[in-house]
Amino acid sequence: PRHRLDLFSSNGHFNDWMAKSATGAARMIMSGELERLLNLVGAKWVGYVHEAFRTRGFGQWLPLQPSTIARRIKHTSMPLQDTGALRRSITHEVKI
């Protein structure tokens, strides 16, 4: 797909954060703070997705064609951001 985003392989962004946080995460699980941990992970994930929008998929997305830009509502070259509805819809929720 043209606009694919895999945070686990995109320059290691999410993997690096998880590796650095592993000890603290284990402590949180052992102390009964699983819900807090999952909220932290969810918030971090949402942040990375928003960063992907700002950086065009961490520099991996192809530029839009001029004909595509001309058809867009705001005539912007930023993919998936005409209305911002998709970006705003990306949230997280923890259910335990």
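The structure is a predicted model, in which local features require pLDDT of at least 70 and side-chain atom pairs count only at pLDDT 80 or more, while totals for chains, interfaces and linings use all residues. Residues are numbered from 1 along each chain as its sequence is written, and side-chain values use heavy atoms, with hydrogens and water left out.

The protein averages a pLDDT of 78, and 74% of the residues score at least 70, where pLDDT is the predictor's confidence in each residue, from 0 to 100. The protein contains four helices and zero strands, and its elements follow the order α-α-α-α from the N terminus; helices (H or I, at least four residues) and strands (E, at least two) are DSSP runs, numbered from the N terminus. Among these elements, the mean pLDDT is lowest for helix H1 (residues 13-30), at 79, and highest for helix H2 (residues 34-54), at 88.

Of the 96 residues in the protein, 26% are buried, that is, under 20% relative accessible area, as against exposed (over 50%) and partly exposed (in between), with a 1.4 Å probe and protein chains only. Of the contacts (heavy atoms within 4.5 Å) with a separation of 6 or more, 57% are between residues 24 or more positions apart.

One salt bridge is counted, defined as a side-chain nitrogen of Lys or Arg within 4 Å of a carboxyl oxygen of Asp or Glu. This salt bridge joins the side chains of Glu-33 and Arg-36 at 3.2 Å, N to O; Glu-33 is partly exposed at 29% relative accessibility, and Arg-36 is partly exposed at 48%.
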